[in-house]
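User: Could you take a close look at the sheet in this model and describe how its strands are arranged and what packs on them?

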Amino acid sequence: MKKVYGVILGLFMICLVGCSNHQEESTENKPKEEEKLQIGICFDSFVIERWQRDRDVFVSTAQELGAEVDVQNASGDAEKQIEQIRYFIDQRMDVIVVIPTDAVKISSTVKEAKKAGIKVIAYDRLLTDAGADLYISFDNEQVGRLMAEALSKKFPEGANVIMMCGPQTDSNVAFVQKGFEEIARQRGLNIKDIMYVDGWKPELAYDYISSNYRYLNGIDAVMCGNDSLAWQIVKYLAELRKAGEIQVVGQDAELEACQRIMEGTQLMTVYKEVDELAALAAEYAVALAKNEQIEVSGTISDGTYEIPYVALEPIAVDRNNMDEIIIDSGFHLREDVYLNIQTE
């Protein structure tokens with residue numbers, strides 16, 4: 001009987017050893033999971049409503065493509081953004097995407113990332129003298145042209161205009177201003193004053209216009225660098241009971257701006273397909289992380305280097321094409337855009 005038990009025990013031990021060896025072999029032969037691509041994206045701030053949408057689309061697209069994304073917010077502070085970029089360098093990110101707070105101040109830090117072998121994308125705002133691997137944005141000169149064209153249609157005989165621009169540290173501000181002034185010269189728009197709003201802070205636009213209300217005498221229109229600034233101008237004009245009388249233009253197609261257009265207190269806005277921009281930027285970021293060649297249609301000078309450039313076309317939106325451009329595309333819901341308007 002003892003012999004029988006011995007034989008059974010021996011067979012059992014052989015089976016255990018066999019299973020163990022098989023498991024070890026399976027583990028050894030199992031391919032290691034590839035490390036995910038690491039992308040860091042650093043936003044100027046989320047003061048401007050659209051940046052939250054950019055963030056969400058960029059992150060979801062990159063994740064679908066197999067990358068992990070670390071999002072940082074500089075809150076409008078260039079020194080903080082420099083620290084965040086250096087953090088990304090220390091973390092050995094594959095790609096760093098930057099919406100510059102100050103295109104000049106952070107330039108040398110961006111070069112540090114480049115020296116470390118990290119690819120850099122300037123997102124929507126051009127980095128200065130940094131030699132980024134890609135600049136992806138909209139045609140910002142065209143944004144300015146569209147604003148001026150809308151005003152010239154409203155005032156074919158010419159008009160007196162105040163320009164309420166964003167901060168000069170934002171490279172796009174110069175592009176928009178250039179485009180606006182180009183059409184203004186051609187169409188007889190007289191620019192009476194230019195204000196640069198520090199940090200895109202909307203309340204500063206209100207402070208400026210309310211402190212310089214004398215400029216409104218004989219003013220026909222106010223060109224605003226974005227819809228948040230436009231809201232503050234319309235707010236002050238409403239207090240003077242001049243909302244809708246003095247024409248206001250902006251950009252970004254924020255929901256409140258679309259509502260104001262339908263209400264008649266804002267003439268137009270410039271719609272930029274930020275979902276498309278953010279998704280495309282994520283695709284380029286993943287391609288650069290994989291060291292793949294990217295195809296672009298042109299280049300742009302950042303002051304020192306010619307860098308690859310992708311420019312999407314902006315679209316002017318007013319009462320006439322609101323449904324077609326904004327609602328049919330799903331950018332905003334019809335019931336939200338027409339919230340304050342009685343419709344049949």
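Analyst: Four strands form an open sheet with parallel pairing, in the order β7-β6-β8-β9, where strands are DSSP runs of E of at least two residues and helices runs of H or I of at least four, numbered from the N terminus, and two strands pair if DSSP finds at least two bridges between them. Because β7 (189-196) and β9 (247-249) stand at the edges with a single partner strand each, one side of each is left without a neighbour in the sheet. Neighbouring strands are turned by 20° against each other on average, direction ignored; angles run from 0 to 180 degrees between N-to-C directions, and axes are lines fitted to C-alpha atoms, for helices over the stretch in contact. This is a predicted model, in which local features need pLDDT of at least 70 and side-chain atom pairs count only at pLDDT 80 or more, while totals for chains, interfaces and linings use all residues. Residues are numbered from 1 along each chain as its sequence is written, and side-chain values use heavy atoms, with hydrogens and water left out.

Helix α5 (residues 140-154) lies across β6 (159-165), β7, β8 and β9, and runs at about 160° to β9. Helix α6 (residues 171-187) also packs on the sheet, where it touches β6, β7 and β8, contact meaning heavy atoms within 4.5 Å; the direction of α6 makes about 165° with that of β7.
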